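This report looks at aromatic pairs, nonpolar cores and strand pairing. The sequence and model come first.

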Amino acid sequence: MVNLFYLLIKKKKPVVVAFFIILCSPHFTLHAQSLQNDTYVDYDELMSNVLKNLKAAQAKTPFTGSASLRKQALLLPSDSKAPIRSLVKPGQKEMTAAQIIKDRRDGVLMIYKYYKATEKEPEKAQLYATASALTADGICVSNWHVFMGVVQPEETLAANDSVTFVVTLKGDVYPIQQILAFNKNADAAIFKINTGNAYLSPIPLGTELAVGETVHTLTNPEQYIYYYSKGVVARKTANHKIGAMGDRMEITADYAKGSSGGPILDDRGNMAGMVSTTHSIYAQDRPQVNLQMVIKTTIPAQSIRRLIQLE
């Protein structure tokens, strides 16, 4: 799976290449595959059914187009916060990795884009990024850069970029209804999807972790959707020019393009952060030779909280 958005920053010294990773009512909900046997999942089937399920869902309910979503988002004041009635209380009991995956994976979502057919290419639904459900009624969070084409006035949408939508592990297809809040410095955006009468499985928003504490990720790197990885917090950094929204948490758990917006979970299954970028360090920069290390930079949970206004 090829993602559509990335930023490449080259530095003369040290040899570091930074990538933004693209790496987010039953009457319009479709179930592409049963998860009765959830030990082995046919992820290829799940992904191959997305376009068919999208069309069936669109036949039953109108989807907000990317252009309309952009129009709505650009009217938001820059200091807007997402109004949320309540968040799920953070878990207090330590969980095994297997329990975390089982209990939280339904709250991990795939963000797709639908592209209309052109003279050169047929229509397609393309996996774009990852998102996390914050509430059962459809409020979700992903990265600012995932929605950059929608929320950034200087950006333009591709001519055939017509719909951005969300897909669950069960194959349910939901339209993104509204952007609620976003912040470029925090690389975070909160949005609402229309779940009708259905409910999501929200992931509790936790607190920040200390360097050395364990983290778990469950994200969608390329074709390897719902990929689990484990690591630790390696470093916490600040940017005094930006302030609190510039705080970052670097981790050792693996993720890659397509993982943007994916949850970073603590040992209690709470969302302690969110995937943001990677920084690849090569022994030689030009040409890039001998990849030595990949730094994974994430957004701490507190930055997400700063975009939320509890009602």
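## Aromatic pairs

How many aromatic pairs does the structure hold? It holds three. Rings of Phe, Tyr and Trp (its six-membered ring) pair if their centres lie within 6.5 Å; planes under 30 degrees apart count as stacked, over 60 as edge-to-face and the rest as tilted. One of the pairs is Tyr112 with Phe165, stacked at 5.7 Å centre to centre with 20° between the planes. This pair links distant parts of the chain: Tyr112 is in strand S4 (residues 108-115), Phe165 in strand S7 (residues 161-167), 53 residues apart. Strands (E, at least two residues) and helices (H or I, at least four) are DSSP runs, numbered from the N terminus. Tyr112 is buried at a relative accessible area of 1%, and Phe165 is buried at 0%. Buried means under 20% relative accessible area, exposed over 50%, partly exposed in between (1.4 Å probe, protein chains only).

Phe147 and Phe191 form a tilted pair, 5.0 Å centre to centre and 55° between the planes. Phe147 lies in the loop between strand S6 (139-142) and helix H5 (148-151), and Phe191 in strand S9 (residues 188-193), so the pair ties together parts 44 residues apart in sequence. Phe147 is buried at 2%. Phe191 is buried at 0%.

This is a predicted model: local features need pLDDT of at least 70, side-chain atom pairs count only at pLDDT 80 or more, and totals for chains, interfaces and linings use all residues. Residues are numbered from 1 along each chain as its sequence is written, and side-chain values use heavy atoms, with hydrogens and water left out.

## Nonpolar cores

A nonpolar core is a set of buried Ala, Val, Leu, Ile, Met, Phe, Trp, Tyr and Cys residues joined through side-chain atoms within 4.5 Å. The largest has 43 residues; Tyr112 and Phe165 are among those that touch the most other members. S4 gives this core its largest share, four residues. A second, separate core has 25 residues, including Ala73 and Leu200.

## Strand S9

Six of the six residues of S9 are buried, so the strand is largely enclosed by the rest of the structure. Ala188, Ile190 and Lys192 point one way; Ala189, Phe191 and Ile193 point the other.

Two strands pair if DSSP finds at least two bridges between them. S6 and S9 pair antiparallel over four bridges. Ile139 has Lys192 as its bridge partner in S9. Strand S8 (residues 173-183) also runs antiparallel to S9, joined by six bridges. Here Ala181 partners Ile190. The S8 and S9 hairpin has four residues between the strands, and Asp187 takes a positive phi near 50°.
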